[in-house]
Amino acid sequence: YGGLFNRSRHTFNIKAYYTWRGWSLNARVVYRGRFGFADMNGDNILDTDHEYAPGYALCHLDIGKSCWSDKLTFRAGVKDLFNYKDPEHLSYISGRTWYVGASIHLSKANQHSLKH
């Protein structure tokens, strides 16, 4: 007996975050062990190796720069750095995705006005 369908016995998520002089670097690894995806022999039990999808790991990287007294932030990064794809079992994982973005903070909450 192999457990529940679409459930991995082992998963983990490791994240490292570093900041220095307005720069930020973020790295994350997500691992998911093998999981049952189909009942090939019709017995409603995960009991043969070909009823399992292989495990995988995804690596995400992100870099950012804050400026103008931390009111403006630029970001760039990549999701799924090593371009993992498994369309047969995981159609929602599209492979490597690059992105860029910017955000601006127009106001900052006044700490004194919050203390009443």
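Mentor: Tyr18 lies in strand E1; strands are DSSP runs (E, at least two residues), numbered from the N terminus. The model is predicted, so local features need pLDDT of at least 70 and side-chain atom pairs count only at pLDDT 80 or more, while totals for chains, interfaces and linings use all residues. Residues are numbered from 1 along each chain as its sequence is written, and side-chain values use heavy atoms, with hydrogens and water left out.

Trainee: Is Tyr18 buried or exposed?

Mentor: Buried means under 20% relative accessible area, exposed over 50%, and partly exposed in between (1.4 Å probe, protein chains only). Tyr18 counts as exposed because its relative accessibility is 54%.

Trainee: How many aromatic pairs does the structure hold?

Mentor: Rings of Phe, Tyr and Trp (its six-membered ring) pair if their centres lie within 6.5 Å; planes under 30 degrees apart count as stacked, over 60 as edge-to-face and the rest as tilted. The structure holds two such pairs. Phe12 and Tyr31 are stacked, because their ring centres are 5.2 Å apart and their planes stand at 25°. Since Phe12 belongs to strand E1 and Tyr31 to strand E2, this pair ties together parts 19 residues apart in sequence. Tyr56 and Tyr84 are also stacked, with 5.1 Å centre to centre and 10° between the planes. Both Tyr56 and Tyr84 are buried.

Trainee: Which ring has the charged end of Arg34 over it?

Mentor: A charge sits over a ring if NZ of Lys or CZ of Arg is within 6 Å of the ring centre and within 35 degrees of the ring normal. For Arg34 the ring is that of Tyr52, at 3.7 Å from its centre.

Methods:
Helices (H or I, at least four residues) and strands (E, at least two) are DSSP runs, numbered from the N terminus.
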